[in-house]
Amino acid sequence: MTKPCTIRPATTGDASRIHALHTQSVRALCKDHYSPEQISGWLKNRCPQGHLPGIEGIDRGEIFVAEAGPQIVGFGHAVPGEIRAVFVAPENAQQGVGSRLLAYGIKKARVGSHRDVCLDATLNAQDFYKKAGFVEVEQ
C-alpha cells in the first residue's frame, strides 16, 4: 500500500520532529541488524539543532520532509552527488514513503554533480537501495 504524502523542504520548525523521527526510526528499524550499544552510539549526542545546518545554514535546503496531512512521516538529506539520509517513521515503513523520499533526493543530488549519486546504507536498508538500482561497491 502506498501512503499518500507530499515532499517539501524542511523548515526550522521541523527540526524537533525530524530528530524524534530519526531516533524512533533507528531504534525500531535497525534493531535487528545492530546491537543496542551500536544504536546508542549512533544516536549519542544527537539533537534537533544538529539538523539546522541542512535546513537553514550554509547547507540550506539539503533536508526535506515527507508529510501525510499534518504529520511528518519521513525525511531525507541530499547534497550534490550524495544521498546522506532517508528515514521513515517506523509506522510508515513499507508504504512507499522511503521510495518517494529517495526519488526526490536523487533529483537533488544530481543538481550540480556530474558523477554517480552515492550513499552509505545501513544494513537494514541495503535491499531497499538495491531495489532502487544502487550497487554495493564496498562493505
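View 1. A word on bookkeeping: residues are numbered from 1 along each chain as its sequence is written, side-chain values use heavy atoms without hydrogens or water. Because this is a predicted model, local features need pLDDT of at least 70 and side-chain atom pairs count only at pLDDT 80 or more, whereas totals for chains, interfaces and linings use all residues.

**View 2. The fold from end to end.** Five helices and five strands make up the pattern, which runs β-α-α-α-β-β-β-α-β-α along the sequence. These are DSSP runs numbered from the N terminus, with helices (H or I) of at least four residues and strands (E) of at least two. The radius of gyration is 14 Å, close to the 14 Å that the globule rule gives for 139 residues, so the chain is as compact as a globular protein of that length. That radius is taken over C-alpha atoms, and the rule is 2.2 Å times the number of residues to the power 0.38. Along its principal axes, the C-alpha trace spans about 40 × 35 × 35 Å.

**View 3. Inside the largest nonpolar core.** This core has 20 residues, and A66, I83, V97, L101, L102, Y129 and F134 touch the most other members. Strand 2 (63-68), strand 3 (71-79), strand 4 (82-88) and helix 4 (97-110) each give two or more residues, with helix 4 giving the most, five. Here a core is a set of buried Ala, Val, Leu, Ile, Met, Phe, Trp, Tyr and Cys residues joined through side-chain atoms within 4.5 Å. Buried means under 20% relative accessible area, with a 1.4 Å probe and protein chains only.

**View 4. Zooming in on V97.** Setting aside neighbours within four places in sequence, V97 is in contact with K3, C5, A66, V73, G74, V88 and N92. Contact means heavy atoms within 4.5 Å. A second, separate core of 17 residues includes A15, I63, V65 and A85.

**View 5. H19 on helix 1.** H19 belongs to helix 1 (residues 15-29) and is buried, at a relative accessible area of 16%. Beyond its neighbours within four places in sequence, H19 is in contact with R46, C47, P48 and H51.

Terms used: Buried means under 20% relative accessible area, exposed over 50%, partly exposed in between (1.4 Å probe, protein chains only).
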